[in-house]
Amino acid sequence: DLDSDVRDLMSRLVDVVNVTLAATQLQVMNQWLLLDFRPDDLSELFTFLDDGTEEIATSDFFAGLLRMKGQAQGKDVYRLQTAVDLLAEDFGSFMAEHGAVRQRLSLRRSVASSRIGDL
């Protein structure tokens with residue numbers, strides 16, 4: 001029965017094989033279409049959520065499905081932009097600090113080399 005198949009799918013980790021199979025099985029595909037999801041939507045979501053292990057938690061997959069539908073609200077876009085701005089700022093600070101550390105290390109190498117040369 002389809003409900004037990006869906007529950008079985010939800011109880012496991014979602015992997016790329018399961019997504020591909022679920023998207024191609026006619027009954028399951030019809031259920032996804034009723035929910036306004038096309039097979040390429042499922043593959044796109046999986047690719048977006050996958051961290052390279054080719055497995056994602058079922059809860060993450062279904063949470064992603066929920067987030068894909070509906071219009072983005074201004075507050076969602078604002079939150080996203082704020083998060084991106086903070087990451088960019090943190091990255092800039094990191095790079096500046098990284099450059100300063102590299103300069104200090106280079107100076108210390110020079111000092112150490114000159115002291116060793118004086119021996």
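This is a predicted model: local features need pLDDT of at least 70, side-chain atom pairs count only at pLDDT 80 or more; totals for chains, interfaces and linings use all residues.
When neighbours within four places in sequence are left aside, the contacts of Asp41 are with Asp36, Met68 and Lys69.

Asp41 is one of the buried residues of H4, a group that also contains Leu42, Leu45 and Phe46. Because these residues cover an arc of only 130° around the axis, they are placed on the same side of H4. In an α-helix there are 3.6 residues a turn, so that residues three or four places apart point the same way. On the other side of H4, by contrast, Glu44, Thr47 and Phe48 are exposed.

The largest nonpolar core comprises nine residues, namely Val28, Trp32, Phe37, Leu42, Leu45, Phe46, Ile56, Phe61 and Leu65. At least two residues of this core are supplied by each of helix H3 (26-34), H4 and helix H5 (58-68), and the largest share, three residues, is that of H4. Phe37, a member of this core, is in contact with Trp32, Leu42, Leu65, Met68 and Lys69 once its neighbours within four places in sequence are left aside.

A search of the whole structure for aromatic pairs returns one. This pair is formed by Phe61 and Phe62, whose ring centres are 5.5 Å apart and whose planes stand at 90°, so the arrangement is edge-to-face.

With regard to the chain as a whole, six helices and two strands are present, and their order along the sequence follows the pattern α-β-α-α-α-β-α-α. Of the 119 residues in the chain, 16% are buried, while the accessible surface comes to about 9,500 Å², with 58% of this area belonging to carbon and sulfur atoms. Among contacts in the chain with a separation of 6 or more, 56% are accounted for by residues 24 or more positions apart.

Confidence is lowest in helix H1 (residues 2-11), where the mean is 63, and highest in helix H6 (residues 74-118), where the value is 87.

Conventions
Residues are numbered from 1 along each chain as its sequence is written. Side-chain values use heavy atoms; hydrogens and water are left out. Contact means heavy atoms within 4.5 Å. Buried means under 20% relative accessible area, exposed over 50%, partly exposed in between (1.4 Å probe, protein chains only). Helices (H or I, at least four residues) and strands (E, at least two) are DSSP runs, numbered from the N terminus. The arc is that of the directions from the helix axis to the C-beta atoms. pLDDT is the predictor's confidence in each residue, from 0 to 100. Rings of Phe, Tyr and Trp (its six-membered ring) pair if their centres lie within 6.5 Å; planes under 30 degrees apart count as stacked, over 60 as edge-to-face and the rest as tilted. A nonpolar core is a set of buried Ala, Val, Leu, Ile, Met, Phe, Trp, Tyr and Cys residues joined through side-chain atoms within 4.5 Å. Accessible areas come from the Shrake-Rupley method with a 1.4 Å probe; for residues, only the protein chains shown count as cover.
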